[in-house]
Number of protein chains: 2
Amino acid sequence: MTSMAATQPSKDLSYLLDHTSHVLRTRMSAALAEIGMTARMHCVLVHAVEEERTQAQLAEIGDMDKTTMVVTVDALEKAGLAERRPSSQDRRARIIAVTEEGARVAVQSQKIVDGVHNDAVASLPEADRKALLHALNLLVEGHLATPAESPRPARRARQSK
Amino acid sequence: MTSMAATQPSKDLSYLLDHTSHVLRTRMSAALAEIGMTARMHCVLVHAVEEERTQAQLAEIGDMDKTTMVVTVDALEKAGLAERRPSSQDRRARIIAVTEEGARVAVQSQKIVDGVHNDAVASLPEADRKALLHALNLLVEGHLATPAESPRPARRARQSK
DNA sequence: TATTGTTATACTCTATAACTATA
DNA sequence: TATAGTTATAGAGTATAACAATA
């Protein structure tokens, strides 16, 4: 399966949103992959370039777990796009410093992201474009602002060796 | 992380679609969970109740892998909502027969699904409702019809024991 | 005591491969 | 040979727990 909800008797809202978001995501991944980037690397890079930020701050912005942040920063470092630098304020924290190459790539990846979005939006008749973005914004700020909390499956304690 | 894309510098299409579909999905899961159902169980159940169908046919309809279908049918059987019956046409195939209880639950779960969708759509001003559904339909049938094929990570041959 | 970043790893999800029985 | 369903399991993704350094 692709990533799907599975209902679609007559195309309902779940199907429409799941399908469009899934397809757009595959497009985005494919487009960013051409320059060796992922959506998460892009997200971290653009927010790191605009201001000095620590991993924790960048994780917060991108709504990532701190452990996910670690692997994302690892990837950026490995690609020579960013470096971990000790914070002068807090010796526990690491500032994610974007390299010159990283800054160039950030511009490039932002263009790619904008392009993918633009291609999708521009495929709609003028009148529908604003309507779509407007309605989605209303949902995001209104009825679909926050997830229903899911019955969290707890986790066993780690085996001590 | 919840399931996120991670860009959102200024809310873009990716963020809007990812966020709304994710939140709607959590709502749907939570609502269906109250009667012990999942979206997939619901999908299989409603399509199995309307006509005699095999697992393969139901998998096709729900865009599920046949192995995912196995566990979904297992769950339905365990819950007493459906049974596997040998097909009279093809002795390899199994018809998914919905029990009386299953038929009742299908009606109930459909109400839940419709309710969740309706709550979301009804939260929008009248004018925006149609506009949203219309625009999403255009995307689904047009520019966002089919996923970009992802660089499939192949799979090693299974270890023979 | 609490927090930053790290490592290790448990868990979920889904799909691939191999298998059995049919066709 | 190909297909329906099954089992086992690989692999990706992600979050939890424990830890070290520091606050």
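How many salt bridges are counted between chain B and chain A? The count is four. The model is predicted. Chain B and chain A each bring 63 residues to the contact, and about 5800 Å² of area is buried between them.

**Buried area**
- The size of an interface is often given as the accessible area lost when the parts come together.
- Carbon and sulfur atoms give 65% of the area buried between chain B and chain A.

**Polar and charged pairs**
- One salt bridge joins the side chains of E141(A) and K11(B), with an N to O distance of 3.7 Å.
- Polar contacts across the interface of chain B and chain A number 15 residue pairs, with both residues at pLDDT 80 or more.

**The side of chain B that touches chain A**
- Helices α1 (13–33), α2 (39–49), α3 (55–62), α5 (100–122) and α6 (126–141) of chain B each supply at least two residues to this side.
- The most comes from α1(B), with 17 residues.
- By class, this side of chain B has 33 nonpolar, 19 polar and 11 charged residues.

Note on methods
Residues are numbered from 1 along each chain as its sequence is written. Chains are lettered from A and ligands numbered from 1 in the order in which they are written. This is a predicted model: local features need pLDDT of at least 70, side-chain atom pairs count only at pLDDT 80 or more; totals for chains, interfaces and linings use all residues. Side-chain values use heavy atoms; hydrogens and water are left out. Contact means heavy atoms within 4.5 Å. Buried area is the accessible area (1.4 Å probe) that two parts lose on being put together, summed over both. A polar contact is a pair of N or O atoms within 3.5 Å; within protein, one must be able to donate a hydrogen and the other to accept it, and residues adjacent in sequence count only if both atoms are side-chain atoms. Helices (H or I, at least four residues) and strands (E, at least two) are DSSP runs, numbered from the N terminus. Ala, Val, Leu, Ile, Met, Phe, Trp, Tyr, Cys and Pro count as nonpolar, Asp, Glu, Lys and Arg as charged, and the others, Gly among them, as polar.
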